[in-house]
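I opened my notebook to follow a few parts of this structure, one entry at a time.

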Amino acid sequence: MKQVKIGHISEIESMRSRVIFVGDLEIALFKLSNGEIKAIENKCPHKAGKLSEGIVCDHHVFCPLHDWKIDLNDGKVQDPDEGCVVSFKVEADAESGDLILYVEEKAYQAS
Amino acid sequence: MKKKLVLIGNGMAGVNCIEQILKLAPNRYDITIFGSEPHPNYNRIMLSSVLAGDADINDIVINSWDWYRENNIIIHAGHTVSNIDTKRKIVSTESGIQVPYDDVIIATGSLPFMLPLPGADKKGVIAFRDIKDCETMFETAKKYKKAVVIGGGLLGLEAARGLLNLNMEVSVVHSNKILMNRQMDETGGIMLQKELQQQGMKFLLGKNTEKILGKERVTGLRFSDGSEESADLVVMAIGIKPNMAMAKKSGIEVNRGILVNDFMETNIPNVYSVGECVEHRGISYGLVAPLYEQAAVLAKKLAGLETEGYHGSVVSTKLKVSGVDVFSAGQFLDNVDTRAVRVQDEFGGVYKKVVIRGGKVVGAVLFGDISDGARLFAMIRSGEDVTGKEKEILLGSGGSAPSNADLIASMSDDEIVCGCNGVSKGAVVTAINEKGCTSVNDIKACTKASASCGGCKPLIADVLTYVLGADGVKTVKEGICGCTTLSRDEVVEGIREMKLTTSKEVMNVMGWNNPEGCSKCRPALNYYLGMVWPEDHEDERESRFVNERNHANIQKDGTYSVVPRIYGGVTTPQDLKKIADVAVKYEVPLVKITGGQRIDLLGVKKEDLPSMWTDLDMPSGYAYGKTLRTVKTCVGSTFCRFGTQDSMAMGIEMEKRFERLSTPAKFKMAVSGCPRNCAEATIKDLGVVAIDGGWEIHVGGNGGTKVRVTDLLVKVKTEEEVLEWTGAYMQYYRETGKYNERTAEWLERVGLDTIKAALEKKEDRLALVERIELALSLTQDPWKEIVETDKLRTTFENLPIPTMN
């Protein structure tokens, strides 16, 4: 696991998302209403919709294309649809507010 | 200690059996599955949809990798089993994996039947059986033009349709003179052929292929009559044969397939077999429903439950070719001892035939309209006596024909209603009684019935009606979404009375199930709050659907389309130049004139939107929102020799007056300069038609999925009156419409008379106009706002790519 500094917690608005490219990965970062940051791959397992554009409700996001509901904690697609997107561990530094993303080394070395 | 179960074959029949064992006896076995393909279990029936472009490969996966993990199943995908040592009870693969078993299921399926023609080993000669074949077809279609499908049966025609969708020229070669002759009689076959020819398929019927031509790669086919056909790709789709080589080698008794008894047992103890590889009572099945029936029997047997065994199946088929509906079941050919009822309408493209022997329905063919399919199939399976009412089966009667409820009642509990997912009538009934399902969608969520091809939806609806009664289906009070049971009116009243101004307050105070709502209620609440409290409610961007949040229309690839405002569809050379310059600068892939007389720049990257808007320096055309879209106009009296009024000026004025306003759903308008109505005003949400000396205002039209012609609201004399009535009408819709409800549905729900009564008095209209003008005064051009506000503009940019070290 590699730790990558990817920005500051203030750069994402509450219940909204920003996108970041890390190597070949396109990752959607979400800020929940309680301030927590979540990171998942920006690609719905259904038709590759941009999850970063979905509506965020508690720790779920609804894909803007066909309304699939995805849990931002583990990337799991909710019933009645099935599937999973890759989720990433992300942490905000308690003092500085810097965001640290945990990725596999090979994921970004591909670029 | 758990027993060890090994499944050989990771396909639909075998895995279905495992799923049922897990349900019946979750702790009985440690399970290992081997599959030759490197994929999880997928829905092979839907491969033709993948080829036709209606689904992608991920859509047809039935059991995801997670499913194997969650059920602690060891899966060896991409490993082909080479031998079963039935004495030592060990399964081994080509790659050297060895797994011991207590019970083993062989579900190796079938292989495509490849004609042993000279040249069949050339490049470009394939079957249509698995994901790899589909991929080969996709690749071939990119480079080559001409495909020939050998086989005019179900599989061949589905392959041919898919290849047409990939823009290839397709000829179908069939040895019989009749297409789908295993399922169709001559009449149906000819109607099918005509329909498919219209779709662009070519047919070479009554031809036998003798040789495949070409050097390394196929170049064509030669037939036994000496004629030839050129081809860059040959797809053999003549049929399948049980895949039983491994079983045979391991000493298991085979004939045309692996021989099993009614309990799916082979001749060797603890070795079982299900699926297409099996021969049961002389028959091998190639359709999913019988295979699931076999799987169900075996699952019960292995779970240690009583079962009556498998006694063979009556099968039905449906062709999955877009625009052609074909259904066939049982013995559909006429015989000396059968009589048939036929209905044939070549103009409507409908053919129905029911074959009856000894007072019972034994077979049916339906073409064009297959809505009777489920009912007829149930009659064939139940074997009920129809003597004396044969004609009523197809032609209907004064009510003595068996009702759907009777048919459902006559079905046994283990009868399969959803063939794709193997869901029985009993399972649906249980879901209704024990899990409280009250709609087809509930059933789908609980049991997966109707989740694949959807063909059984009418049947499931019948089961619902049968169990719950006509009034029981969906009688539960439906709220505006799953988060609440409150209706639109109750929510809006709450917002007014308790003076709620944020979604969060609404959800807290009114007891929402989900603390932050869902994608359905959040945008709706945001709309209602803005409508009731235009000044006090702050628009919640996070509750807006992507298009309204980004002020552009998201496309399927994640790019956006940009439509600048062109009032009334009247533009200038200067604006056109500006739009052209922007399109060139940002390398816009597609420029299109829309149905609403605007210019659409498609394929724009999100990051480019703000700078494009800056360069355009035109207002947003709002082609993405629940708001006034466009006012379409004809030329009118300015140039047209028939025009009675200045429709362009009227349209421009209306668009300027009412743009940017949120409405429950999109709102389209048009102004025609005379009753010839060139602006198509009578299928708009509000259409104005000029007449000599005045204007007609028409409302509630729709040109979309369900076309609805407008109703006349009023005739007025002056332009001011047109604007007054339009404003009052729009505001009344805003205040009473449900979110996402177009005016056509709204008008039918509340009634034209109610609307007329609400707008009749001048003072009422003026009050409505006053409220709409307040809301309008608070809007501003969103493109300009985003461009000029850093905080909004940055949301369009990605975070900077991090530095790696």
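**A hairpin and its sheet**

I began with S30(B) and S31(B), which form a hairpin with five residues between them. In that turn, Gln597(B) has a positive phi of about 65°. I noted at once that I am reading a predicted model.

Next I asked myself: in which sense do strand S30 and strand S31 of chain B pair, and over how many bridges? I found antiparallel pairing over four bridges, with S30 covering residues 590–593 and S31 covering residues 599–604 of chain B. I picked out one pair to look at: Val591(B) has Leu601(B) in S31(B) as its bridge partner.

Then I followed S31(B) to another neighbour, strand S29 of chain B, residues 560–562. These two strands also run antiparallel, and I counted three bridges for S29(B) with S31(B). Here I found Ser561(B) opposite Leu602(B), a residue of S31(B).

Putting the strands in order gave me S28-S29-S31-S30 in chain B, an open sheet of four strands with antiparallel pairing. Which strands sit at the edges? I wrote down S28 (553–554) and S30 of chain B, since each of them pairs on one side only. A reminder to myself: side chains in a regular strand alternate between the two faces of the sheet.

**A helix in chain B**

My next stop was helix H12 of chain B, residues 425–435. I looked up its buried residues and listed Lys425(B), Ala427(B), Val428(B), Ala431(B) and Ile432(B). I kept a rule beside that list: an α-helix has 3.6 residues a turn, so residues three or four places apart point the same way.

What covers the buried residues of H12(B)? I found that the cover includes strands S26 (416–418) and S27 (423–424), along with helices H13 (440–447) and H14 (457–468), of chain B. Just after H12(B) I came to Gly436(B), which takes a positive phi of about 70°.

**Over to chain A**

I turned to chain A and found one helix and nine strands. Reading along the sequence, I wrote its pattern as β-β-β-β-β-β-β-β-β-α. Chain A has 111 residues, and 41% of them count as buried. I also checked its contacts between residues at least 6 apart in sequence: 41% of these join residues at least 24 apart.

**Where the chains touch**

Methods: Residues are numbered from 1 along each chain as its sequence is written. Chains are lettered from A and ligands numbered from 1 in the order in which they are written. This is a predicted model: local features need pLDDT of at least 70, side-chain atom pairs count only at pLDDT 80 or more; totals for chains, interfaces and linings use all residues. Two strands pair if DSSP finds at least two bridges between them. A residue is buried if 20 or more other C-beta atoms lie within 10 Å of its own, exposed if 12 or fewer, and partly exposed in between; C-beta atoms are placed from the backbone. Two residues are in contact if their C-beta atoms, placed from the backbone, lie within 7 Å.
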